[in-house]
Amino acid sequence: MKNKDNAAKKNTPSVIMRLVRYLAHYYKFELLLVLFCIIVTAIAGISSSVFLEMLIDEVIAPGVELGFDAVKGKLTTIACIMAGIYAFGLICSFTYNRVMAIVTQGFLKHIRTDMFDRMQTFPIKYFDTHTHGDIMSYFTNDTDAIRQFVSQSLPSIVFSMSGIITLLVVMLRSSIYLTLVVLGSVAIMFVVTKIVGGKSAKYFVKQQQSIGRTEGFIEEMLNGQKVIKVFCHEEATKRDFAAVNGQLCSDMSKANGYANILMPAIGNIGHVAFVLVAIVGGALVLAGVRNLSLSGLDTAAISMGAIVAFLNMSRQFTLNFSQISMQINSVVMAGAGAARIFEFLEVQPETDEGYVTLVNAVIDEDGNITESEERTGKWAWRHPHKADGTVTYTELKGDIRLVDVDFGYVPDKLVLHDVTLYAKPGQKIAFVGATGAGKTTITNLINRFYDIEDGKIRYDGININKIKKADLRRSLGVVLQDTNLFTGTIMDNIRYGRLDATDEECVAAATLAGAHDFITRLPEGYSTMLTGDGANLSQGQKQLLSIARAAVANPPVLILDEATSSIDTRTEYLVQRGMDRLMEGRTVFVIAHRLSTIQNSDAIMVLDHGRIIERGSHEELIAKRGQYYQLYTGAFELE
């Protein structure tokens with residue numbers, strides 16, 4: 001962990017530079033405008049010291065010798081020049097603050113858009129191995145850290161750096177001796193900042209990581225709130241949260257503890273520098289030491305006006321340095337957040353080397369297939385052949401075959417062994433077995449959420465690795481055990497299965513699935529708004545909408561993963577009739593614990609520890625009196 005933290009801290013400058021380049025990619029002109037305005041504003045602020053020196057040496061010191069009219073003229077000239085510079089600096093300050101506000105929000109919009117677009121390309125494996133709360137933290141806490149950096153820290157650092165460079169030039173022009181005093185104090189500030197800031201940086205990196213873990217824990221507990229209460233685990237959950245929250249508190253306390261030490265330390269060193277400049281400057285004047293500046297050794301000692309101006313510049317110099325030191329924590333947090341976001345954006349997308357696509361087809365009486373731009377209700381695989389450049393078409397029938405398939409979610413740990421099965425067009429294939437036997441895994445391989453280790457899967461005689469994943473999945477309708485509904489109307493959620501479906505087609509799909517009756521009993525019918533994943537519906541009603549969503553897609557192949565698990569027996573009977581109509585002429589894969597729902601399957605596959613141990617129709621398996629018979633008669637129960 002120590003090496004990891006050190007690496008993160010060490011790489012912060014490169015991450016910040018990458019973040020700035022990312023920002024410049026979208027807002028190059030705006031950043032150049034902001035840079036110009038900041039430099040002008042910084043110079044305008046520093047000009048007061050120069051005019052202060054002129055005021056003392058050319059007006060106040062000569063005093064009565066100049067006469068009233070000369071003093072009045074000089075004061076008016078200096079005042080007008082300063083007013084003009086300050087006015088221009090004020091306009092530039094307003095401009096860059098206004099522009100940065102727009103740039104910041106626009107940049108965050110681009111970041112969130114880039115992350116969300118990238119997330120759509122991630123393989124399912126990524127979401128299976130990362131908590132949703134941690135993923136949400138990328139879009140919230142990490143982007144907020146970047147917001148603070150872009151809107152506050154970046155302009156402040158550029159402003160302070162511009163001031164430091166300008167002040168250094170002016171101070172060297174005024175007195176090298178006094179400049180060395182200021183630089184000596186700045187060297188001490190730099191050492192203190194490096195030590196304290198380094199400690200703070202390490203814990204700010206840990207803080208961002210702890211925030212992600214905490215949000216992941218909270219998200220998990222919110223989803224499992226009913227389970228927590230059912231098993232009376234409130235106290236245990238509070239203890240677990242206290243540990244996670246305590247670690248976050250510890251990391252934040254250490255990070256901010258070191259950060260809070262830095263400013264007083266830098267401020268006090270600045271005060272000491274101010275006193276030293278006053279002492280050394282006064283000593284130089286009293287001793288009559290000839291002043292040394294960029295122009296060389298002067299004939300006279302440093303003037304009183306120069307010392308007063310230098311005192312003001314030394315305070316501005318240390319103040320600018322302390323302003324940079326104040327931004328270190330924000331920079332480190334932005335670096336940690338940006339590093340996580342860049343890591344998120346660099347996740348390898350789901351690979352897709354397929355080139356066979358799904359097209360609307362017109363099939364004549366002789367079986368000849370032509371491609372159509374309009375929806376015909378018939379589909380074909382468009383298969384371009386790389387060898388000779390020809391294109392052939394294969395009718396989409398739903399013939400799916402797995403041959404000697406091996407698969408493991410992690411290397412060297414297979415969960416499926418030598419799985420071979422054949423699903424002919426229009427057949428209903430059922431999978432039965434204990435939890436973890438591999439039923440859902442097989443369906444995940446058919447739609448290529450995961451790719452097989454060995455063997456082949458053919459779809460209408462085509463290796464599915466050759467089929468583009470989007471087209472493959474478009475040919476499959478899936479109803480999962482866990483329902484997912486989206487914020488919107490019931491009609492919108494049904495139409496999610498096919499976005500160009502008409503209202504009439506959505507109603508027909510709902511009727512087919514058995515959802516029409518309960519929908520029409522709702523106060524607003526199909527216009528009823530759903531929020532919170534359909535929290536205002538029962539689990540069974542949500543499942544019916546999932547089935548309707550698959551029905552409106554009208555796919556040639558259906559995968560039903562415990563599709564009726566949340567439906568009561570009476571509703572199941574009504575839905576089963578609709579499902580039977582829906583399954584007519586389609587290849588269907590069914591996963592079910594209720595054996596009553598799969599008795600009419602053409603073939604039933606009994607799985608155990610990733611192997612098919614029995615296969616056949618319901619009658620054939622009952623006659624074998626094997627494990628299926630024991631399941632059916634209750635001699636053996638699914639776990």
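Me: What are the helix and strand contents of residues 76-96, and how far apart are the end C-alpha atoms?

Reply: Residues 76-96 are 100% helix and 0% strand, with their end C-alpha atoms 30 Å apart. A helix is a DSSP run of H or I of at least four residues and a strand a run of E of at least two, both numbered from the N terminus. This is a predicted model, in which local features need pLDDT of at least 70 and side-chain atom pairs count only at pLDDT 80 or more, while totals for chains, interfaces and linings use all residues. Residues are numbered from 1 along each chain as its sequence is written, and side-chain values use heavy atoms, leaving out hydrogens and water.

Me: Which residues does the UniProt annotation "transmembrane region" cover?

Reply: According to the unreviewed UniProt entry, that annotation covers residues 31-56, 76-96, 153-170, 176-197 and 261-286. UniProt positions are given in the numbering used here, feature names are shortened, and annotations may be inferred rather than shown by experiment. In the model, residues 153-170 are 100% helix and 0% strand, and their end C-alpha atoms lie 25 Å apart.

Me: What is the average pLDDT of the protein chain?

Reply: The average is 82, and 88% of the residues score at least 70; pLDDT is the predictor's confidence in each residue, from 0 to 100. Over residues 1-10 the pLDDT is below 50, and this stretch has eight contacts in the model beyond near neighbours in sequence. Contact means heavy atoms within 4.5 Å. Where pLDDT is low, the predicted coordinates should not be read in detail.

Me: Why is His-132 called partly exposed?

Reply: The relative accessible area of His-132 is 45%. Buried means under 20%, exposed means over 50%, and partly exposed lies in between, with a 1.4 Å probe and protein chains only. His-132 therefore counts as partly exposed. This residue is found in helix α5 (residues 132-174). Not counting residues up to four places away in sequence, His-132 touches Phe-127 and Glu-219. The C-alpha atoms of His-132 and Gly-216 are separated by 6.2 Å, although the two are 84 residues apart along the chain.

Me: What makes the pair Arg-340 and Asp-134 a salt bridge?

Reply: A salt bridge requires a side-chain nitrogen of Lys or Arg within 4 Å of a carboxyl oxygen of Asp or Glu. The closest N and O atoms of Arg-340 and Asp-134 are 3.3 Å apart, and the pair forms a salt bridge. A search of the whole structure finds 15 salt bridges.

Me: How far apart are the closest N and O atoms of Arg-495 and Asp-492?

Reply: They are 3.9 Å apart, and the two residues form a salt bridge. Arg-495 and Asp-492 are separated by about one helical turn, because they are three residues apart in helix α13 (residues 490-495). Arg-495 has a relative accessibility of 16% and therefore counts as buried. Asp-492, at 41%, counts as partly exposed.

Me: Why is Asp-500 called exposed?

Reply: The relative accessibility of Asp-500 is 53%, so the residue counts as exposed. Its side chain meets that of Arg-498 in a salt bridge of 3.1 Å, N to O. Arg-498, at 13%, counts as buried. Elsewhere, salt bridges that share partners join Asp-134, Asp-142 and Arg-340 into one network.

Me: What is the order of the strands in the open sheet of four strands?

Reply: The order is β8-β7-β10-β11, with antiparallel pairing. The edge strands, each pairing on one side only, are β8 (416-423) and β11 (462-463). Two strands pair if DSSP finds at least two bridges between them. Two bridges join β10 (residues 454-459) to the antiparallel β11, and Arg-458 has Asn-463 in β11 as its bridge partner. Helix α11 (residues 439-446) packs on the sheet, touching β7 (400-407), β8 and β10.

Me: Why is Arg-448 called buried?

Reply: Arg-448 has a relative accessibility of 5% and therefore counts as buried. Arg-448 is found in the loop between α11 and β10. Leaving aside neighbours within four places in sequence, its contacts include Glu-350, Ile-464 and Arg-473. Of the 639 residues of the protein chain, 45% count as buried.

Key:
Axes fitted to C-alpha atoms, helices over the stretch in contact; angles between N-to-C directions.
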